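Here is a short briefing on one protein model. Look over the sequence and the structure first, then read the points below.

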Amino acid sequence: MDDHALAAWLATEAGQLLLQVRQEFADAATSERKAKGDKRSHDFLIQALAMRRPADAVLSEEGVDDPARLRSARVWIIDPLDGTREFSELGREDWAVHVALWQTDELVAGAVALPAQGVTLATPHVQPPPAASGRPRIVVSRTRAPAIALAVRDALHGTLVEMGSAGAKVAAVVQGSADVYVHAGGQYEWDSAAPVAVARSAGLHASRIDGSPLAYNRADPKLPDLVVCRRELADAVLAATGVAGRRINTGDTESRIV
């Protein structure tokens, strides 16, 4: 099994396990359902990687960060359950499992499973989204949209689409139910590695909000901002995020990230 196939298998199998946890703990408190889902998915992924890629390092949201990964040529970056809130709410579909492989400064494989939708998007071949129509749709969190997303909406004369996990948001752009995902409220490498690998495989633009490259397997895994969008919208989106970023840095409270 090559790395692409392994990423897809891992994400899919972890997703099936999470569906079982959801059913098993349907009557439990949401906090217990979250905890069980995170742990079981993490344990499965760590054990499966230890068996199939024993020489590789792993960076997981649910694991203890081992500095040895910084000396490794191959690092699996995983989020065993992206969108624990949505996972805990029975009936919601906007949560995901992320599995990506970083090798010598590049993301070389990745998969995003959307278990409740019965979908896994995986490299090396991801279908590009269908042709866009209508006003650009900017996907944002279910609670309060960040100021930078509002700036993009205004610049593109677009509309907002509320959704849960980062993986589900990027998948929406890949699948064509949204056109732009922009985030500047704080994330970590495991939040974006697999979604970015999948988005790039689908021919989408992916970068920091200032247009600079996304870098992974750093000593500090914080990677606070992200843009994923259709390539034809990239220049306009980055222009809008640049303006919004300058306003935030100069202390304009009406434009401050939330």
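The protein is divided into domain 1 (3-121) and domain 2 (137-250), with bounds that come from an automatic or database domain assignment. This is a predicted model, in which local features need pLDDT of at least 70 and side-chain atom pairs count only at pLDDT 80 or more, while totals for chains, interfaces and linings use all residues. Residues are numbered from 1 along each chain as its sequence is written, and side-chain values use heavy atoms, with hydrogens and water left out.

**Between the domains**

- The C-alpha centres of domain 1 and domain 2 lie 21 Å apart.
- In contact (heavy atoms within 4.5 Å) are 33 residues of domain 1 and 26 residues of domain 2.
- About 2200 Å² is buried between domain 1 and domain 2, and carbon and sulfur atoms give 62% of that area. Buried area is the accessible area (1.4 Å probe) that two parts lose on being put together, summed over both.
- The count of salt bridges between domain 1 and domain 2 is zero. A salt bridge needs a side-chain nitrogen of Lys or Arg within 4 Å of a carboxyl oxygen of Asp or Glu.
- Eleven residue pairs, both at pLDDT 80 or more, are in polar contact between domain 1 and domain 2. A polar contact is a pair of N or O atoms within 3.5 Å; within protein, one must be able to donate a hydrogen and the other to accept it, and residues adjacent in sequence count only if both atoms are side-chain atoms.

**The side of domain 1 that touches domain 2**

- β1 (57-60), β2 (74-82), α3 (84-88), β3 (96-103), β4 (106-114) and β5 (119-122) each supply at least two residues. Helices (H or I, at least four residues) and strands (E, at least two) are DSSP runs, numbered from the N terminus.
- β4 gives the most, with six residues.

- β4 and β5 run antiparallel and are joined by four bridges. Two strands pair if DSSP finds at least two bridges between them.
- Ala 113 has Thr 120 in β5 as its bridge partner.
- The hairpin of β4 and β5 has four residues between the strands, and Gly 118 there takes a positive phi near 70°.
- Thr 104 lies in the loop between β3 and β4. Thr 104 is not a glycine, yet has a positive phi of about 45°.
- Pro 124 is found in the loop between β5 and β6 (137-141). The peptide bond from Thr 123 to Pro 124 is cis, with omega near 10°.
- Most residues other than glycine have a negative phi, and most peptide bonds are trans.

**Ala 8**

- Ala 8 is found in helix α1 (residues 3-24).
- Ala 8 touches Ala 111, Thr 120 and Ala 122, not counting residues up to four places away in sequence.
- Ala 8 and Gly 110 are 102 residues apart along the chain, with their C-alpha atoms separated by 7.3 Å.
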